[in-house]
Amino acid sequence: MDVALVALVVLWWALIVYAVLGGADFGAGFWDLFAVGQSAKKQHQLINHALGPVWEANHVWLIFLIVGLFNVFPSAFYALSIALFFPFTIVLIGIVLRGSAFVYRYYALDESGLFARIWSRVFSATSVITPFFLGLSAAAVASGKLISSNGVPQANYLAAYFSPFALVIGVMAVALCATLAAIYLVVEARDTENDEALTESYRMKALIMGAITAVLGALGLLLSISEAPTIWQGMLTRAIPVVVATMLIGLATAITLFRRSYRIARILIIAETAFLLGSWGLSQYPYIIPPFYTIANSANEPTVIKVLLIGIVCGLVILLPSLYYLFSVFKLPYPIPGLRRSEQARQTQERKKNEMVHPS
Amino acid sequence: MMPDLLAARAQMGTSLAFHIIFSVLGVGVPLMLCISEGLALRTKNPVWMMLTRRWARAAAILFAIGAVSGTILSFELGLLWPTYTRFAGAVVGLPFLLEGFAFFTEAIFLGLYLYGWDRLSARAHWLCSFPIWISGMASAWFIVSANSWMNTPAGFVIKNGKVVDINPYQAIFNPSTPFETVHMILASYVATGFGMAAVYAFAYLRGKRDEYYRKGLMLAMILALVATPLQLISGDFNARFLYVYQPVKFAAMEGVFRTQSGAPISIGGLADPSTGQVKYALEIPDALSVLADYNPNTVVKGLDQFPREDWPNSTLVHTSFDGMVGSGMFALLVALVFWGLFLLKKRTLPSNRWLLWGVILAGPLSFLAVELGWMVTELGRQPWTIYGYLRTKDAVTTAPLLNVSFLVFSLIYVLLAVALIWLLLKVARRPLPQVTLSEEGYDVKEPEIEKVGV
Ligand code: HDD
Ligand code: HEM
Ligand code: HEM
């Protein structure tokens, strides 16, 4: 197989992981914005607790993506950097303010002081803006109109990113992040905080946001007929099985949420995101940026890509076990070496309790 | 209005100058954490644990800002310099990618370290600090090797205007890699050592002299003492390397306009390209030729050997270079006097006011040396981005409104810096944590709960 294609698949997986982990981070910020009233404080705590140990690691996937892209497809990266200058600059500002705001408010000593309150607002506002512009940029690429007909990338071709299609996909990206986060937070609220009311509230939020995402997705698909014909053609032909699977998984997610099988719902929403991005990737194949940049005409030399792939494999050998360890310590209730005895006991007990309440 | 090229350069420079402060701490502080926590476990002295905890709390905030400012850079490479990134991505992308893995490992173990105090066993927790400092050092190595490549490009051939025959290994291990990476990593330890020592020296001056402050000061000064002499030696190697590989930069940094044998060293002063002289400088005859090649008759190439449009800004480069070397010399002097007095006074920490002020000054000066050193490297490479291959004016993006972008990012940096300093000062003023030793390891009670909720 073509090494560039292999590398592209690896990058696409990184994109999926970023969407699943980083997307939930953004979504948590979204819910932070809407945490008002009686339970606001509790919700903030839940979100802090859920994000604290993992946000920085989640975020590195994005860096991996950027770096991977300019390694493997230098000329496509060049074109994207110019053509998406404005949305990316906004995304960048969003990411920067969001990351610092989260830390500043987490470590603010006086939790209700002005300092913490202001940064908290910054955190939630940028958590909404950033995925919106990421979605918009993706749609602008897919539309095939990002680069004007002479093939020279320009930064001031605004029509591509203010089309109805791009706007819908932007909002959909926000809604998807919110759904992801709500489902993660349901699990967190039930299993870590044991809070009945909070669990129910996030269940409702997940259902509503899921429905909104689905509607926007359908709308986006309709708009793509005229505005992103490449994608639409691809969806109908090559990607059709994946598109259908995406829809079915979405439905299944709603059903499991409805029946309160939250851990299964969490797995399903991850699969849903993966399939959604998968269907987009498949339908855009073989273009990196339709209609000018294809895998073949923008890939780096095969020897270089081979070295990169070897590098990635070596990196993953260190990375994956470490990542698993991180999540085992903080997120998964399975005993793992290195825990304190008291913590070991606490986790074991918690797992037993969960198994008794929800035999699955 | 600022021209676009100037705005892009200014934005890049500001972003890097901001980021490097956190990178330096990201390389240096984990080593300190590892040592002090190791000492806490070994000696069973809770004071070491108190130090570790306090540093870790500050590190959590600093590292996050390091990650955020680094993210700005990885975007800016593309957004501001797309032509550079297309070229560099094709040839020397590998270290950027490997750097990504190093960050990842660092972020994962940092998460475990900072949030795992009560979950992990004492030993497992300590072990988590090793991957943090190793990967911090590795990321510095990778990124600086990419920068070395910009100074001495290698591992590719240009045929018909196309970059071909790429060899990523040669690109990473380009001629200046060993010099720049070693010098940078040492710089991180020098700056971290003096930076932390300055904090404790300040407390010391104000009469806080219990064990906690003594141990903090001592550990930081040990790091500084070990790293500083090595740093000066390594800098000397860098300079001699430049004499051969980047003679333009060498000439600019030493303020040599006229090619000559028996060239003098000009210390201080203002290099003035219009008259070709370094005004107000202290000159040591023959010294430069000796430094460059151990021979007073060696001919040193001056800027007059090169076309005028290839000159970097010699005034800035020369002054930056002197500032770096001067700061380094001062730091070395402080470290030597400090430990000299320590030995003379039968192993008690010196409390001479002047010396303590020297330590306090050496802290910011070492950070200044890092910034100035980078000015030598980056300004000295101008007008090239990739030395000999890609000029800075050809590397810049065609996107408009770069001056607005520069303004916005500058404001963001000011905002982040003000908030950061405010927060760190508050953290520093908190009462020390209560540390007790139990059979499961150290139990730490922070004086108040730190969880937030608004
Ligand atoms: C604590 C910081 C510090 C100290 C005390 C010194 N340096 Fe330095 N220097 C750096 C921190 C630094 C740096 C910031 O780390 C640089 C920028 C790029 C690099 O690799 O290291 C650097 C670059 C740099 C360069 C340019 C390398 C290049 O462009 O390839 C030279 C020639 C020197 N240094 C030489 C010296 C000499 C002769 C010193 C003292 C006698 C010295 N440095 C002390
Ligand atoms: C000499 C220059 C540099 C050194 C020594 C350096 C080193 C480091 C270190 C040690 C960290 C971890 C910092 C921390 O956790 O506080 C870091 C973070 C980072 N750096 Fe730099 N860096 C340098 C320049 C750059 C440049 C030019 C880029 C852009 C390509 C960059 C991109 C990043 C990124 C993306 C991160 C964040 C990683 C994360 O999310 O954890 N750095 N850098
Ligand atoms: C962190 C320490 C660094 C500092 C303080 C620094 C400083 C600067 C400054 C002041 C400029 C503007 C120079 C000018 O145009 O006059 C610049 C440009 C640039 N730097 Fe660095 N730099 C650092 C490290 C790096 C590293 C590690 C890389 C890449 C691997 C890098 C890549 C670039 C690029 C691509 C430019 C723009 C093109 C150019 O002006 O040549 N820098 N840097």
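This is a predicted model: local features need pLDDT of at least 70, side-chain atom pairs count only at pLDDT 80 or more; totals for chains, interfaces and linings use all residues.
Residues are numbered from 1 along each chain as its sequence is written, chains are lettered from A and ligands numbered from 1 in the order in which they are written, and side-chain values use heavy atoms, with hydrogens and water left out.

### The interface of the two chains

In this interface 79 residues of chain A are in contact with 78 residues of chain B, where contact means heavy atoms within 4.5 Å. Seven residue pairs, both at pLDDT 80 or more, are in polar contact between chain A and chain B; a polar contact is a pair of N or O atoms within 3.5 Å, of which, within protein, one must be able to donate a hydrogen and the other to accept it, and residues adjacent in sequence count only if both atoms are side-chain atoms. Several helices of chain A each supply at least two residues of the side that touches chain B, among them helix H2 (40-51), helix H6 (114-143) and helix H13 (302-330). The most comes from H5(A), which gives 17 residues to that side. Helices (H or I, at least four residues) and strands (E, at least two) are DSSP runs, numbered from the N terminus.

### The two domains of chain B

The domain assignment divides chain B into domain 1 (1-170 + 402-454) and domain 2 (175-253 + 306-399), with bounds that come from an automatic or database domain assignment. The table sets out values for this pair of domains.

| Item | Value for domain 1 and domain 2 of chain B |
|---|---|
| Separation of centres, over C-alpha atoms | 19 Å |
| Area buried between them | about 4,100 Å² |
| Part of that area on carbon and sulfur atoms | 74% |
| Polar contacts (both at pLDDT 80 or more) | 13 residue pairs |
| Salt bridges across the interface | zero |

On the side of domain 1 of chain B that touches domain 2 of chain B, H1, helix H2 (46-80), helix H3 (82-115) and helix H4 (122-151) of chain B each supply at least two residues. The largest share of that side, 16 residues, comes from H1(B).

### Helical spans and local features

In chain A, the span of residues 76-97 is 95% helix and 0% strand, with its end C-alpha atoms 28 Å apart. Residues 118-141 of chain A are 100% helix and 0% strand, and their end C-alpha atoms lie 35 Å apart.

Over all chains, the whole structure holds eight salt bridges. In chain A, the side chains of Glu200(A) and Arg203(A) meet in a salt bridge (3.1 Å, N to O); these two residues are separated by about one helical turn because they are three residues apart in helix H8 (residues 196-227) of chain A.

A cis peptide bond runs from Tyr285(A) to Pro286(A), with omega near 0°, and Pro286(A) is placed in the loop between helix H11 (262-284) and strand S1 (287-289) of chain A. In chain B a cis peptide bond joins Gln382(B) and Pro383(B), with omega about 5°, and Pro383(B) is placed in the loop between H11 and strand S9 (384-386) of chain B.

Technical notes. Buried area is the accessible area (1.4 Å probe) that two parts lose on being put together, summed over both. A salt bridge is a side-chain nitrogen of Lys or Arg within 4 Å of a carboxyl oxygen of Asp or Glu.
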